[in-house]
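Colleague: I have a model open and some quick questions. Can you walk me through it?

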Amino acid sequence: MTLVSLGVATAVYIIYATRSASGPRGGSSIGLAFGIIGSACMIFAGLLGARKKVPVWRLGRAQTWMRGHLWLGLLSLPLICFHAGFRFGGLLTSVLMILLIVVVASGIFGAALQHYMPSIVTDRVPMETIFEQIGNIRAQLIAEADEMVDAMCGPPSLELAAVAKIMPVGATTVPDASGGTLPLRKFYSGELRPFLRNENKVSTPLADETKAAAMFDGLRTLLPGNMHETIGNLEQICEEERQLRRQVTFHHWLHGWLILHVPLSLALLLLGFAHAIMALHY
Amino acid sequence: MPRSRLSTKKLAQRIDMGYFKRPHPFRRLRSILSICLPLLALIWLGWYALARNNRVYSSGTLSRSHAVLTQECGACHLKESGSFTAKASDHACESCHDGPIHHANQTFQPNCSSCHQEHRGHLRLAATADTSCTQCHADLHSNGPSPHFAHDITRFDGGHPEFAAVRSGSSDPGTIKLNHAIHLRHDLKGPNGSVQLDCTDCHRTAATKESWKFGSTTPASAQVEAKDIPPSKQTGRANMVPIAYTKHCSACHGLQFDPRFQEQVPHDTPAVIHAFLLQKFQQYIPSHPSELRVAAPNRNLPQQPVTTTSRVLTAQEWVTLRVAESEELLWRKTCPQCHSLVLAPNAQLPLITKSNIPPRWFTHAVFDHDAHKFLKCAECHAAATTSQATADVLLPGIQTCEKCHHRGAESAESRCFECHTYHDWTKEKSVKGSFTFRAGAASTGNATAQ
């Protein structure tokens, strides 16, 4: 339907532009018609936000509104170009044209992202969670990992005393620092916990699945067999953290473009209204 | 303990039930920007409104000639009382410009702005699109009798009829006998020996300051300008000055009438020449009375001696005789070299056919020779070098012009306005100025309409 409308509009414009004595103008009857229809498309596209804010309004399905938003929003660009005769004109009209192009381009970009990315997210983030929960989930993962490592290696203070060869408070002997858990504690303190806490300023090998697997395999060779289950659990936690990070990245891509699209479209509608009033005046 | 054996309690604890109360930074930023950007837009428009500057609403830059009115939207956009709109009407244009009607029988009169598009940048307003003209001339109708112009002109190259002057069957209406081929010979006999004439020795615009080589010493003065060009724009450089004997011919084509006199008869009507001859001879004979005695020889009969007798004429008889001889020379030989004379049997003086040299050939178009001075004359007037008859039309046809004037970026202008004007400037009316310099802004030259 949109393509048919575009075809009809294009045909009308070509006939009008070639036959008009003064060339295509926004103020001519046909130019005004293009402008009105294009503005109506933009206004309808802008109403999607209102429809989302008040979902109880039974004014058609959300899917219909989204489709209308996409197709009519897309149609508004050529219609406004026909209205303007493919000229930028003065200051306000130039700003409007630039805004329209940016809004439509960002909308196309966002629509493409939202079309292709969900399947990518499903494929690459099987442990997807609610985005706003990620901080909470991460904290729980850290607590869980701490609990596992402490259960295996003892509290961190005991290990530090063994390394420093000092007697902890309340103990009668110096702990043995040559125990098999030291590599685990060192790995956990130096690599895994900072990774889980998202403290790495530079890229860490644990962010890469293959390198992380190699690191954990190496750890398994250093530690006795009874610790391998714990290592496996830690590896799962590490994978879950990677997926959380991936989910954050995908979420930023999926929603970041709206920071540009929504405010600019509101400015576009406001300035478009001002242009319509003043253009009719002059 | 394997992680997969986590209890449901532990799993449920993963959900923070208050997550939706905390807006994500993206959403917060989006909300802030959704308020700030439209507010910024409003402030931007408000700024211009406070400064009483409406340029922001302009649909484009004004042409160079109207640039001085950039800040004065009201100069053209006149607001009628009680009306919201302030369209640029013809009334506003007419406060500075007169735009005479094109033709009394035209079927409609377009608005000024339909042809002269403003707010399209620093363009020439007079450079109108062809569609402004072809909206009528592509299918020409008239409110009066059927127009004698072509009915379907769509553009210059490929859609314009041949120039009327050079169409098949047309001829030069001039009656002056002129052979261009002879005049352009390299060994032409001149006043001081052989000469090689150049086109500009006879054909120049009025603006040329050099004196005529083979004519009078005064430069060209007569102007022949088109009614199509506003008087204020006529420069004297467009068209050639009409051929005149005194300027162009007199040095070589003398009008001697009698060996007694160095003077020549005036290049004038036969009556004036006759009066001139009478006066000359009447003034001459009192100081040369010996010429009154003229020999009157008998007939030279075979085997009879020739005896001469002389007789004495009266002054009147002598003058009459000399005038008759001079006029015989002039009417039979000198004048007919160029003119067509009609000698009626009983008429005392001949009738000379009007020269009928067209001062302008393109009466419905404007041609500027000055703009084409980089070309050799023969490039356009190729037939001149070989023309032998007066009736030959030596103007170039449309194909010659199309060599340069055709559509495309690398060609000369070919739109209608280049040669034709819409307004009939013979009907131009003067316009009384209504603008003043704004008080305190005279140094900047800002103008405001009263």
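Colleague: Start with Leu271(A). What is it in contact with, leaving aside its neighbours within four places in sequence?

Modeller: Leu271(A) is in contact with Leu92(A), Val95(A), Leu96(A) and Ala41(B). In contact means that the C-beta atoms, placed from the backbone, lie within 7 Å.

Colleague: Before we go on, what am I looking at?

Modeller: This is a predicted model: local features need pLDDT of at least 70, side-chain atom pairs count only at pLDDT 80 or more, and totals for chains, interfaces and linings use all residues. Residues are numbered from 1 along each chain as its sequence is written, while chains are lettered from A and ligands numbered from 1 in the order in which they are written.

Colleague: Which residues have the most contacts inside the largest nonpolar core?

Modeller: They are Cys41(A), Leu79(A), Leu100(A), Ala267(A), Leu268(A) and Leu271(A). This core has 27 residues. A nonpolar core is a set of buried Ala, Val, Leu, Ile, Met, Phe, Trp, Tyr and Cys residues joined through C-beta atoms within 7 Å. Buried means that 20 or more other C-beta atoms lie within 10 Å of the residue's own.

Colleague: Which element gives the most to this core?

Modeller: α3(A) does, with 7 residues. Helices here are DSSP runs (H or I, at least four residues), numbered from the N terminus.

Colleague: New topic. How many residues of chain B are in contact with chain A?

Modeller: 38 residues of chain B are in contact with 36 residues of chain A. On the chain B side, α2(B) gives the most, with 10 residues. That side divides into 19 nonpolar, 12 polar and 7 charged residues. Ala, Val, Leu, Ile, Met, Phe, Trp, Tyr, Cys and Pro count as nonpolar, Asp, Glu, Lys and Arg as charged, and the others, Gly among them, as polar.

Colleague: Now helix packing. At what angle do α2 and α9 of chain A pack?

Modeller: About 140 degrees, with their axes 11 Å apart. Axes are lines fitted to C-alpha atoms, for helices over the stretch in contact, and angles run from 0 to 180 degrees between N-to-C directions. The contact of α2(A) with α9(A) has 5 nonpolar, 5 polar and no charged residues.

Colleague: And α8 with α9 in chain B: what are the angle and the axis distance?

Modeller: The angle is about 140 degrees, and the axes are 9 Å apart. α8(B) and α9(B) are therefore oblique to each other. Angles under 35 degrees count as roughly parallel, over 145 as roughly antiparallel, 65 to 115 as roughly perpendicular and the rest as oblique.

Notes
Two residues are in contact if their C-beta atoms, placed from the backbone, lie within 7 Å. Helices (H or I, at least four residues) and strands (E, at least two) are DSSP runs, numbered from the N terminus. A residue is buried if 20 or more other C-beta atoms lie within 10 Å of its own, exposed if 12 or fewer, and partly exposed in between; C-beta atoms are placed from the backbone.
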